[in-house]
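Please open the structure in a viewer and keep the selection panel at hand. The stops below proceed from the overall fold to single residues.

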Amino acid sequence: LCSASEGLPRVVLEAMSAGLPVIGTDIGGVDELVSKENRFEVGDIEGAVKRILTLLESPVLMSEISKENVEVVKKYSNSALKPKRKKIYMVLREIAEKNKSE
């Protein structure tokens, strides 16, 4: 992912859940998903090419990263996020009810 700007990129989550190795620019939510050694600065074409070549030359490394990615993306599954969302909604509800009564 060579974006100059991102939030939490869905395409990275989808690729990781499919067990693909992922590299990306060091921006937005990419740093939350992709390990430091698999990120590069925006515009660093040489860094991106170097990382791609490293992966192509090492199927073992590519496989390890793929396995790690499958584990990382589990934190973003609906079942993992549902309790967190519920907690946020409950806090927002409490705030809204408090403001309503004031």
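This is a predicted model: local features need pLDDT of at least 70, side-chain atom pairs count only at pLDDT 80 or more; totals for chains, interfaces and linings use all residues.

Residues are numbered from 1 along each chain as its sequence is written, and side-chain values use heavy atoms, with hydrogens and water left out.

**Whole chain**

Display the protein as a cartoon. Five helices and two strands make up its secondary structure; these are DSSP runs, numbered from the N terminus, with helices being H or I of at least four residues and strands E of at least two. Along the sequence the pattern reads α-β-α-β-α-α-α. The radius of gyration is 18 Å, well over the 13 Å that the globule rule gives for 102 residues, so the protein is more spread out than a compact globule. (This radius is taken over C-alpha atoms, and the rule is 2.2 Å times the number of residues to the power 0.38.) Along the principal axes, the C-alpha atoms fill a box of roughly 65 × 30 × 15 Å. Of the 102 residues, 26% count as buried, where buried means under 20% relative accessible area, exposed over 50% and partly exposed in between, with a 1.4 Å probe and protein chains only.

**Helix α5**

Next, select residues 78-101, which form α5. This helix of 24 residues reaches 34 Å from its first C-alpha to its last, close to the 34 Å expected at 1.5 Å a residue; the expected span is 1.5 Å times one less than the number of residues. How many of the 24 residues of α5 are buried? The number is zero, so α5 lies largely in the open.

**The nonpolar cores**

Now select Val12, Leu13, Ala15, Met16, Val22, Ile27, Val30, Leu33, Val34, Val73 and Tyr76, the eleven residues of the largest nonpolar core. Such a core is a set of buried Ala, Val, Leu, Ile, Met, Phe, Trp, Tyr and Cys residues joined through side-chain atoms within 4.5 Å. Helices α1 and α2 (30-33) each supply at least two residues of this core, and α1 gives the largest share, four residues. Apart from it lies another core, of five residues, among them Phe40, Ala48, Leu55 and Ile65.

**Alanine 48**

Stay with alanine 48, which lies in helix α3 (residues 45-57). At 10% relative accessibility, alanine 48 counts as buried. Not counting residues up to four places away in sequence, alanine 48 touches Ile23 and Phe40, contact meaning heavy atoms within 4.5 Å.

**Serine 66**

Move to serine 66 in helix α4 (residues 59-73). Is serine 66 buried or exposed? At 12% relative accessibility, serine 66 counts as buried. The side chain of serine 66 reaches the backbone oxygen of glycine 19 at 2.9 Å. Beyond its neighbours within four places in sequence, serine 66 is in contact with Gly19, Leu20 and Pro21.

**Serine 3**

Finally, select serine 3, in the segment before α1 (10-17). Serine 3 counts as buried at 16% relative accessibility. Its side chain joins that of glutamate 6 in a polar contact of 2.7 Å. A polar contact is a pair of N or O atoms within 3.5 Å; within protein, one must be able to donate a hydrogen and the other to accept it, and residues adjacent in sequence count only if both atoms are side-chain atoms. Leaving aside neighbours within four places in sequence, serine 3 is in contact with Thr25, Ile27 and Val42.
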